[in-house]
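The following note sets out points for a colleague who is reviewing the model. It is arranged by topic, with the criteria stated where each term is first used.

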Amino acid sequence: MTSALRNQSSVGIAFILAGMLSISLNDLMIKLLSGDYPLHQIVFARSSIGILFTLILVRFEGGLSILKTKQPALHLLRGVLIVIANMTFFVALAALPLADATALFFAAPLFITLLSIPILGEKVGPLRIIAVAIGFLGVIVMQRPWEGSDDLMASRIVLLLPVLSAITYAFNQILTRKLGGTTKASALALYIQATFIVVSVLFYVVAGDGRFAQGSENSSVQFLLRAWVWPTDNDIWVMLGLGVNSAIIGYCLSQAYRMADAATIAPFEYVGLLLAVFWGWVFWAEIPVWEVWLGMLLIMGSGLFVFLRERQKARKLASATVNRRY
């Protein structure tokens, strides 16, 4: 049994690594498109394509019957949370370097660790609580509260958006873990895609003509509210790639948090942070400032400590189980 659980956790880790690579490519492509298209148009194109591929996964995991659920309210809440997480992050991405926005978002594993206590009933000792506090110190460092607003590359509100994204993403992943015991990964992913489509259509109805973006020079406001335009031939391929990639993301993340506990999976999400630094350097020659580097180290260090403590706890539990048998 212990071996089976270990293998299941390893598969969950493999899924989260694949998911983080896909997320980093998703963020890269959306930032490339952010100067020409509104966010809700990109989301609509991505999710409309992604839901078709997700339906194929649904077919392989049991057919349309797996979409039936006894907890529609929780699935709806999960969908709304991930929409908020994505929207707030991408709006910030239009104004911030890729690495900066991603680093601030990576408070999410810290929130996941904390939320797993009251929601999932997972035990987190005092050392891990201290490690989480150190990670949050890293978030504060990246916010640079000692600097004036004129010295920052974006407004305080924009700097807080990735943190808000991290909080809502953490709640979403905790709900994924809670619902994953009775719902297939493809069904979880499809519910998310459907929620994105509904929200983006509502955005189009209300703001699709771009009237709310007129007169604003803020890049984040423009990205959120500018008018829909027909994409160029090259950008159509990028949006197609976003759609396929979104199906991969939804499935991989849902599967990862179904197969292993949140405290084990969450630290591996830091791979996405390293990828964000790499893509930002390759495409925009962005080099994070020292506050961002320090914040990254504090967040990653605290996350890795939490992970090591969780692994140590799992080994002790496995050893105790073996001793009881013999």
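1. Arg144 sits in the loop that joins helix H6 (126-143) to helix H7 (156-179); helices (H or I, at least four residues) and strands (E, at least two) are DSSP runs, numbered from the N terminus. The phi angle of Arg144 is near 50°, a positive value in a residue other than glycine. Arg144 counts as buried because its relative accessibility is 5%, where buried means under 20% relative accessible area, exposed over 50% and partly exposed in between (1.4 Å probe, protein chains only).

2. The model is predicted: local features need pLDDT of at least 70, side-chain atom pairs count only at pLDDT 80 or more, and totals for chains, interfaces and linings use all residues. Residues are numbered from 1 along each chain as its sequence is written, and side-chain values use heavy atoms, with hydrogens and water left out.

3. Ala285 also has a positive phi, near 55°. Its place is the loop between helix H12 (271-284) and helix H13 (290-325). Ala285 counts as exposed because its relative accessibility is 59%.

4. How many salt bridges does the structure hold? There is 1 salt bridge, defined as a side-chain nitrogen of Lys or Arg within 4 Å of a carboxyl oxygen of Asp or Glu. The partners are Asp209 and Arg211, whose closest N and O atoms are 2.8 Å apart. Asp209 is partly exposed, with a relative accessible area of 47%, and Arg211 is partly exposed at 40%.

5. The structure holds 3 cavities of 30 Å³ or more. On a 1 Å grid over the protein atoms alone, a cavity is a set of points where a 1.4 Å probe fits but cannot get out, whereas a pocket is an open set with protein on both sides within 12 Å along at least five of seven lines; lining residues have an atom within 4 Å of a point. Grid points are joined across faces, edges and corners, and a volume is the space filled by probe spheres set on the points.

6. The largest cavity contains about 480 Å³ of space. Its lining comprises 34 residues, of which Ile23, Ile82, Asn86, Ile249 and Leu253 lie nearest the centre. Two or more lining residues come from each of helix H1 (2-33), helix H3 (72-93), helix H4 (98-105), H7, helix H8 (185-207), H10 and H12. H3 gives the most, with 6 residues. By class, the lining has 18 nonpolar, 13 polar and 3 charged residues; Ala, Val, Leu, Ile, Met, Phe, Trp, Tyr, Cys and Pro count as nonpolar, Asp, Glu, Lys and Arg as charged, and the others, Gly among them, as polar.

7. Asn86 belongs to helix H3 and counts as buried because its relative accessibility is 15%. Not counting residues up to four places away in sequence, Asn86 touches Arg46 and Phe196, contact being heavy atoms within 4.5 Å.

8. The second largest pocket holds about 220 Å³ of space. Helix H2 (39-60) and helix H10 (233-259) each supply at least two lining residues, and H2 gives the most, with 5. The lining has 10 nonpolar, 2 polar and no charged residues; among them are Phe44, Trp228, Trp230 and Met239.

9. The largest nonpolar core has 72 residues, and those with the most contacts inside it are Ile42 and Tyr169. Such a core is a set of buried Ala, Val, Leu, Ile, Met, Phe, Trp, Tyr and Cys residues joined through side-chain atoms within 4.5 Å. Leaving aside neighbours within four places in sequence, Ile42 is in contact with Ile30, Leu33, Tyr37, Phe223, Met239 and Leu242. A second, separate core of 7 residues includes Ile51, Val58, Ala187 and Tyr191.

10. Is helix H4 mostly covered or mostly uncovered? H4 is mostly covered, with 8 of its 8 residues buried. Phe105 lies in this helix and is buried, with a relative accessible area of 13%. Beyond neighbours within four places in sequence, Phe105 is in contact with Phe89, Pro162, Ser165, Ala166 and Tyr169. The C-alpha atoms of Phe105 and Ala154, 49 residues apart along the chain, are separated by 16 Å.
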